[in-house]
Amino acid sequence: MSHHDNSGTYPLGGRQVRRLGYGAMQLAGPGVFGPPKDLDAARAVLREALALGVDHIDTSDFYGPHVTNRLIREALHPYPEALTIVTKIGARRDDKGGWLLAASNQELEQAVHDNLRNLGLEQLEVVNFRSMLDVHGPAEGSIEAPLAALARLRERGLVRHIGLSNVTMAQVEEAQRIVPIACVQNMYNLVHRNDDAMIDALAGKGIAYVPFFPLGGFSPLQSDALSRVAQRLEATPMQVAIAWLLQRSPNILLIPGTSSVAHLRENLKAGALRLDTVALAELEAIAGVAA
Ligand SMILES: NC(=O)c1ccc[n+]([C@@H]2O[C@H](COP(=O)([O-])OP(=O)(O)OC[C@H]3O[C@@H](n4cnc5c(N)ncnc54)[C@H](OP(=O)(O)O)[C@@H]3O)[C@@H](O)[C@H]2O)c1
């Protein structure tokens, strides 16, 4: 696919995936709760992603709950061999849409079975353990017990590879003593740079770093410098935000989220965009200002 040509691939678990993937969270209803108002439109986004060459989709049974996984199954099953679906467990939703911890052995096993059933799979390719020690960001504390439970589910063949989400480097190292870690998914973007050192450390270990909220999340990034760079390069601000992440480190895999086919197409074209040193310097200053 031409829009992917410049962005390349990186290992995720046992496979090479294209660096530009897709995050399905935006396909659920408002507040990531309940179904979207147009189910056909949501399925169309998923089909278009595959048609444009996406081979890595990020999802979870948290989204809806169960909504995005079922949409993925309805739209894409039986899955192409090359498609890697990554899901996450460790939390659940209450009946008002709140996010609760769900990381006991029993809850983790139940979550794996829910994901298998909702996605229509016999084995989950990659499962991220999403730490809920602090729902809003990484917080120190042992994650040994849930990782040991996930390692046992892996030994049973229900899960092929394990990743982590919302974690610190100490937790990555703790987890690596229990089971191989395929990827880390934390919040990171042009403005939110807390994980700069972690990304470089993971690159050294050959571990994929998959930023969530790559475009800023529920309120997409806005900055004068970003708009100026985009205008000069005849690109959109979101394309520049994606291109910046692609150039930031080779182990970064992108999963920008959108509920719109037009935005999806726009985002995937960012793989062809190169940021020159002037643009990079101007963008670097955004984080400096925000910090
Ligand atoms: N591990 C975790 O704790 C965690 C947390 C959050 C998310 N995630 C994962 O990360 C993925 C990405 O995060 P995200 O979707 O929340 O945030 P995001 O990718 O940073 O941004 C999504 C937002 O940007 C908008 N958008 C996308 N493309 C656009 C474009 N070209 N122009 C203008 N607006 C655009 C979307 O609205 P439209 O729908 O209107 O395009 C949506 O509001 C999720 O899908 C999910 O899989 C993981």
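The following exercises, with worked solutions, concern a predicted model.

**Exercise 1. Determine whether the buried residues of helix H3 (residues 105–119) line one face of the helix.**

Step 1. Consider the length of the helix. H3 has 15 residues and reaches 21 Å from its first C-alpha to its last, close to the 21 Å expected at 1.5 Å a residue.

Step 2. List the buried residues. In H3 these are Leu108, Ala111, Val112, Asn115, Asn118 and Leu119.

Step 3. Examine their directions. Viewed down the axis of H3, the buried residues fall within an arc of 140°, and therefore they line one face of the helix.

Step 4. Recall the geometry of a helix. An α-helix has 3.6 residues a turn, so residues three or four places apart point the same way.

Step 5. Turn to the other side of H3, where Gln106 and His113 are exposed.

Step 6. Identify the partners of the buried face. The buried residues of H3 pack against helix H2 (67–76) and helix H4 (144–155), and also against strands S5 (84–89), S8 (124–130) and S9 (159–165).

**Exercise 2. Describe the largest nonpolar core and the part that helix H8 takes in it.**

Step 1. Begin with the core itself. It has 82 residues, and those with the most contacts inside it are Leu150, Ala208, Ala241 and Leu253. Helix H8 (residues 237–248) gives the most to this core, with eight residues.

Step 2. Take Leu150 as an example. With its neighbours within four places in sequence left aside, Leu150 is in contact with Leu108, Val127, Phe129, Val159, Ile162 and Val179. Leu108 is also one of the buried residues of H3.

**Exercise 3. State which helix gives the most to the shell around the ligand, and locate its buried residues.**

Step 1. Survey the shell. There are 28 residues around the ligand, of which Gly23, Met25, Leu215, Gly257 and Thr258 come nearest.

Step 2. Sort the shell by residue type. It divides into eleven nonpolar, 13 polar and four charged residues.

Step 3. Find the helix. Helix H9 (residues 261–269) gives the most to the shell, with three residues.

Step 4. Locate the buried residues of H9, which are Leu264, Asn267 and Leu268. They cover an arc of only 95° around the axis, so they are on the same side of H9.

Step 5. Name the partners. The buried residues of H9 pack against helix H1 (39–51) and H8.

Technical notes: Residues numbered from 1 in each chain as written. Predicted model: local features only at pLDDT ≥ 70, side-chain atom pairs only at ≥ 80, totals over all residues. Helix = DSSP H or I, 4+ residues; strand = E, 2+ residues; numbered from the N terminus. Expected span 1.5 Å × (residues − 1). Buried ≥ 20, exposed ≤ 12 C-beta atoms within 10 Å, placed from the backbone. Arc of directions from axis to C-beta. Contact = placed C-beta atoms within 7 Å. Near = placed C-beta within 6 Å. Nonpolar A, V, L, I, M, F, W, Y, C, P; charged D, E, K, R; others polar. Core = buried A, V, L, I, M, F, W, Y, C linked by C-beta atoms within 7 Å.
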